[in-house]
Amino acid sequence: MRKRRLMNQINVVPYIDVTLVLLVIFMVTAPMTNPGVVELPEVGETLKQTGAPIVITIKLNSTIEIEGETYTRDRLLSHVQSLIKTTPDRALVIAADKNVKYDEVISVMGLLKQNNVSKVGLLLKPQK
């Protein structure tokens with residue numbers, strides 16, 4: 001009778017198969033998620049505006065964006081001031097996700113007000 005020798009190698013083929021299946025699943029489901037959507041709170045009536053305002057977006061993860069570009073608080077202030085110098089009559093609105101803490105919105109609004117940005121408002125979604 002022959003004795004079996006112990007095999008000192010790991011068969012990795014099943015692990016590769018599982019990894020490839022997981023990769024395909026993630027590749028299919030990744031485009032379905034959209035983390036860039038801001039869900040605005042609703043208000044009873046729509047307000048009329050005279051021009052296109054500068055929109056400052058505060059997302060759920062507390063990132064601050066203007067026109068798709070992310071800013072820190074210091075860079076936000078300098079960028080807003082440069083935008084206001086070019087068009088001083090343009091209004092500024094803050095579009096914050098409805099689940100963002102109130103403190104975040106007020107701190108951005110306060111930062112703008114302290115630095116002489118006078119036309120600051122909140123962007124709301126009208127009720128249906």
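Me: What makes a stretch a helix or a strand here?
Reply: Both are DSSP runs, numbered from the N terminus: helices are H or I with at least four residues, strands are E with at least two. Isoleucine 16 is found in one such run, helix H1 (residues 13-29). This is a predicted model, where local features need pLDDT of at least 70, side-chain atom pairs count only at pLDDT 80 or more, and totals for chains, interfaces and linings use all residues. Residues are numbered from 1 along each chain as its sequence is written, and side-chain values use heavy atoms, with hydrogens and water left out.

Me: Why is isoleucine 16 called partly exposed?
Reply: Its relative accessible area is 45%. Buried means under 20%, exposed over 50%, and partly exposed lies in between (1.4 Å probe, protein chains only). Isoleucine 16 is therefore partly exposed.

Me: What makes strand E2 largely enclosed by the rest of the structure?
Reply: E2 covers residues 54-58. Four of its five residues are buried, so the strand is largely enclosed.

Me: How do you know that E2 pairs with E5?
Reply: Two strands pair if DSSP finds at least two bridges between them. Five bridges join E2 to E5 (residues 92-96), and the two run parallel. In one of them, isoleucine 54 has leucine 92 as its partner.

Me: What joins E2 to E3?
Reply: Three bridges do, and the strands run antiparallel. E3 spans residues 64-66. Isoleucine 58 has isoleucine 64 as its bridge partner. E2 and E3 form a hairpin with five residues between them. In the turn, serine 62 has a positive phi of about 70°.
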